[in-house]
Protein chains: 2
Amino acid sequence: MPRSGEEARRRLQQAALELYGERGFDRTTTAEIAARAGVTERTFFRHFPDKREVLFDGEAALRADLTRTVADTPEDLPPLEVLFRAFRKAAGILEGNRAFAEPRLAVIAATPALRERDLAKAAAMADALAAALGERGVEDRLAALAAHVGWVTFHHAAGAWIRESARSLDEHLDEAFADLRALSAEAGG
Amino acid sequence: MPRSGEEARRRLQQAALELYGERGFDRTTTAEIAARAGVTERTFFRHFPDKREVLFDGEAALRADLTRTVADTPEDLPPLEVLFRAFRKAAGILEGNRAFAEPRLAVIAATPALRERDLAKAAAMADALAAALGERGVEDRLAALAAHVGWVTFHHAAGAWIRESARSLDEHLDEAFADLRALSAEAGG
DNA sequence: CGGGGTAGTGACAGTGACTGACGCTACGAA
DNA sequence: TTCGTAGCGTCAGTCACTGTCACTACCCCG
């Protein structure tokens with residue numbers, strides 16, 4: 001029924017998130033998601049390659065945004081600092097999506113199949129960030145390490161932000177990266 | 001046909017590995033695996049929960065072996081050193097399984113669905129190692145970090161061992177952990 | 001204003017992963 | 001020998017996912 005295509009896509013995401021939350025991922029069928037979104041099952045698979053991916057649609061945009069920011073950061077800063085600034089810049093997008101992000105993380109945490117996909121997305125994200133750092137001249141292995149560490153720190157901050165509604169994602173990012181610096185400092189040797 | 005149960009299991013693993021290598025993971029059906037192993041498709045799913053898991057059967061045993069070794073290491077050593085010794089001790093198991101390990105890694109590297117599962121197994125392994133370190137009195141966050149870093153280093157060494165047949169897994173482990181120490185030393189700050 | 005291209009969709013059929021239920025048989029213990 | 005059980009075969013069924021074709025709303029160009 002929806003004409004624009006983008007609208008159907010959004011309704012499918014919303015319906016999937018609701019149903020995964022209500023009955024659990026395993027006990028909801030793609031046909032049910034499509035029905036709640038007012039389309040056919042076939043249309044679901046036209047928008048998303050599989051039943052899991054419907055919850056990870058924003059990742060590509062986030063990845064593009066982060067890597068572009070990393071590439072465009074002008075100053076000659078240490079790798080983790082570059083990542084930190086990119087995360088702070090991207091935080092705004094997430095802040096506006098909290099109503100979607102919160103139940104999303106809850107469902108992922110409760111579903112092994114979704115945690116698996118989440119790990120794969122994290123690995124892809126780290127690879128992309130490492131490549132972006134490499135473009136800045138950071139040596140390969142150092143870039144890879146910084147990208148992985150940076151991403152898990154961001155992920156950690158996002159989780160804390162969801163659990164602790166009171167403070168902003170920016171504050172959680174500041175705190176997480178401060179903790180990281182402290183950890184690194186005391187781990188010397 | 002096989003009577004012991006364990007024999008059917010091994011034949012299913014062997015058949016799956018061969019077929020995944022010959023036609024690729026996506027183009028082999030569980031029925032074909034079962035047929036080559038001389039059993040029914042239903043029996044395949046009695047031994048393995050899904051089509052991917054047939055390649056990850058040894059992980060539980062390896063995990064048990066590693067955590068036990070970590071727990072039993074008597075001296076008061078730094079966390080990464082404890083892990084390093086556990087890996088060296090477990091290396092013997094893998095050395096004897098090279099004929100299985102080599103094509104296995106090739107298939108995993110070539111198949112996104114299997115890489116996803118591999119990442120999940122790595123995360124589970126790191127969690128188990130972190131818990132084992134925690135039992136030794138290592139502080140939680142430090143244990144988690146050491147476990148993750150240790151596991152990726154082990155994984156890295158195992159990959160190098162597969163690619164470079166000439167040298168033993170022990171040698172690759174020595175080199176990987178030496179590299180890790182050098183990296184950590186130069187990263188201070 | 002009319003006609004053709006196209007993007008998004010519905011309908012339908014089909015494959016293959018995975019599950020539940022039931023019955024059979026080989027084998028070890030009593 | 002008999003009985004319990006573990007491993008297996010068989011069958012039916014659900015559901016994720018795919019290929020194909022036809023339809024329709026919209027958009028652009030004439």
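**Reading the model step by step**

Modeller: Let us begin with the secondary structure: chain A has nine helices and zero strands. From the N terminus on, its elements run α-α-α-α-α-α-α-α-α. Please keep in mind that this is a predicted model.

Biologist: What are the dimensions of the box that the C-alpha atoms of chain A fill, and what percentage of its residues count as buried?

Modeller: Taken along the principal axes, the box is roughly 55 × 30 × 25 Å. Of the 189 residues of chain A, 33% count as buried. As for contacts with a separation of 6 or more in chain A, 60% join residues 24 or more positions apart.

Biologist: How is the relation between chain A and chain B to be read, in terms of rotation and shift?

Modeller: In general, two copies of a chain are related by a rotation about an axis and a shift along it. Here, a rotation of 180° with 0.0 Å of shift along its axis superposes chain A on chain B, with an RMSD of 0.0 Å. That is the relation of a two-fold axis.

Biologist: How many residues does each chain give to the contact, and why do the copies meet through the same surface?

Modeller: Six residues come from chain A and six residues from chain B. On the side of chain A that touches chain B, three residues are nonpolar, one is polar and two are charged. Because 100% of the interface residues of chain A are also interface residues in chain B, the copies meet through the same surface.

Biologist: Which residues are the closest to DNA strand D?

Modeller: Of the 18 residues that surround DNA strand D, the closest are A:Asp50, A:Lys51, B:Gly5, B:Ala8 and B:Arg42. By class, this surface has seven nonpolar, five polar and six charged residues.

Biologist: Which helices supply at least two residues each of that surface?

Modeller: They are α2 (30-37) and α3 (41-47) of chain A, together with α3 (41-47) of chain B. The largest share, three residues, comes from α3(B).

Biologist: How should I decide whether A:Leu19 is buried or exposed?

Modeller: One counts the C-beta atoms within 10 Å of the residue's own; 20 or more make it buried, and 12 or fewer make it exposed. A:Leu19, in helix α1 (residues 6-23) of chain A, has 21 such neighbours and therefore counts as buried. Leaving aside neighbours within four places in sequence, A:Leu19 is in contact with A:Thr28, A:Glu32, A:Ile33 and A:Arg36. The C-alpha atoms of A:Leu19 and A:Ile33 are separated by 7.1 Å, and the two residues are 14 apart along the chain.

Biologist: Where is A:Gly137 found, and is this residue buried or exposed?

Modeller: A:Gly137 is in the loop between α7 (112-135) and α8 (140-163) of chain A. With 8 other C-beta atoms within 10 Å, A:Gly137 is exposed. A:Gly137 and A:Pro49 are 88 residues apart in sequence, and their C-alpha atoms are 35 Å apart in space.

Definitions and conventions
Residues numbered from 1 in each chain as written. Chains lettered and ligands numbered in written order. Predicted model: local features only at pLDDT ≥ 70, side-chain atom pairs only at ≥ 80, totals over all residues. Least-squares fit on C-alpha atoms with pLDDT ≥ 70 in both. Contact = placed C-beta atoms within 7 Å. Helix = DSSP H or I, 4+ residues; strand = E, 2+ residues; numbered from the N terminus. Near = placed C-beta within 6 Å. Nonpolar A, V, L, I, M, F, W, Y, C, P; charged D, E, K, R; others polar.
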